[in-house]
There are 2 protein chains.
Amino acid sequence: MPKISEARKSERKRQILLASARRFARQGFAETTILDICREAGLSPGAVYTYFDSKEAIIAAMAELGAQQSAARMDAARSGLDPLTRLRMFLSEFSRPEAAQVNQYDLRIWAEAIGNAGLRSIYLRSRAQLIEALGDIAQPLAARRGVDPGLLAELIAAVAIGSEVRKAIEPEADVLPVLGVLFALLASGRPTTDDGPAQADA
Amino acid sequence: MPKISEARKSERKRQILLASARRFARQGFAETTILDICREAGLSPGAVYTYFDSKEAIIAAMAELGAQQSAARMDAARSGLDPLTRLRMFLSEFSRPEAAQVNQYDLRIWAEAIGNAGLRSIYLRSRAQLIEALGDIAQPLAARRGVDPGLLAELIAAVAIGSEVRKAIEPEADVLPVLGVLFALLASGRPTTDDGPAQADA
DNA sequence: GTCTATAAAAGGATAGAC
DNA sequence: GTCTATCCTTTTATAGAC
């Protein structure tokens, strides 16, 4: 049982999943056929079915991979800067042009999570992580404004998700100025603060 | 060419569209078969195809109907009260338990609008109406805070859409407290105002 | 492990009786 | 106008050669 084989197998799986992600983002789950995935991955149906038992299994594995990547992206915003800057870093993900495919993929997942128990639980877990990370950031801001930190985190998450929906359908739209208004509302509570700079521009 | 016939025909179409809407919200477009729609509407395939040429035609007609209903819902919030109360009326749509199906339907439409030109243009038109209506409401609030009214309307729309996504997947979630934080941020600019009451509670 | 070819099933759409 | 029965295409999944 050579170790190389296990590593290669995992590599092939990843190749298939990334190919699937591109197609799913563009076409959705039901509209993407196994043959689409095969072509995108450069493999034959027989090969693909060696690694996954069914299309459903591909969708589940890929949702899991997407959740991991999302968690990794959140960690990038955990540096030790002031809250507004960290929040800005976190939300400025949306300005990257490559983000459009991720946004489209996310939107497809959310829609599918309505009726797919597996995707729903992945969504719930991923969302809980998001709220937790935003809670850390929101805490000092919420304290200043006298609002519940958890609810402020939920509000920021709603803005982020709403912006993702827009970017998914209109990739050319620029949501940063909109997020700038959110910063303005958060920063303007008390102009003189003790937890770092708080500009309102985007 | 009797007028009754025309009215009956329109009535049947509506019956089919409402049946489709229920299925589409629950299962999505691709996963809903023509037979599902037939069963839900209590009609046979032959009858359904008398009124619509294809499944695609049903989807298009139903998206149009949904956009009309959405516009009607927005008009309900156009009464002459103070902006925060009108905004609260508008957003409190989300607290109605029956709203879950509408939220699910909307989320399905958004996901499908990524790759369907027809749905995309309906989305864009519907969204423009939403921003316009919110602009009216947001104007006095934006003036007080010194932010661009159009961008504030976009921000409120993002919160609304983000909340709809959540309600679609978690119908039992209560988003009103989250929206309450938005009200708090909007209302707390200047505690003493001249355009009506501005409580921050939900 | 990967391919080609194909079996098996599902779904969109239609024909023709009533 | 509506139904039942069915055609035809697409798609998932597998069998067997290499």
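**Protein–protein and protein–DNA contacts in a predicted model**

Q: Which helices of chain A and chain B each supply at least two residues of the surface near DNA strand D, and which of them gives the most?
A: In this predicted model, α3 (45–51) of chain A and α3 (45–51) of chain B each supply at least two residues of the surface near DNA strand D, where near means that a heavy atom of the residue lies within 4 Å of the strand. Helices here are DSSP runs (H or I, at least four residues), numbered from the N terminus. With five residues, the one that gives the most is α3(B).

Q: How do the residues of the surface near DNA strand D divide by class?
A: DNA strand D is surrounded by 15 residues, and among the closest are Tyr49(A), Arg12(B) and Ser44(B). In the classes used, Ala, Val, Leu, Ile, Met, Phe, Trp, Tyr, Cys and Pro count as nonpolar, Asp, Glu, Lys and Arg as charged, and the others, Gly among them, as polar. The division is seven nonpolar, six polar and two charged.

Q: What area is buried between chain A and chain B?
A: The contact (heavy atoms within 4.5 Å) takes 42 residues from chain A and 42 residues from chain B. Buried area is the accessible area (1.4 Å probe) that the two parts lose on being put together, summed over both. Carbon and sulfur atoms give 70% of this area, which is about 3,600 Å².

Q: How many salt bridges does the rule find across the interface of chain A and chain B?
A: A salt bridge requires a side-chain nitrogen of Lys or Arg within 4 Å of a carboxyl oxygen of Asp or Glu. The side chains of Arg108(B) and Glu112(A) meet in one such bridge, at 4.0 Å from N to O. Across the interface the rule finds five.

Residues are numbered from 1 along each chain as its sequence is written, while chains are lettered from A and ligands numbered from 1 in the order in which they are written. Local features need pLDDT of at least 70, side-chain atom pairs count only at pLDDT 80 or more, and totals for chains, interfaces and linings use all residues, with side-chain values taken from heavy atoms and hydrogens and water left out.
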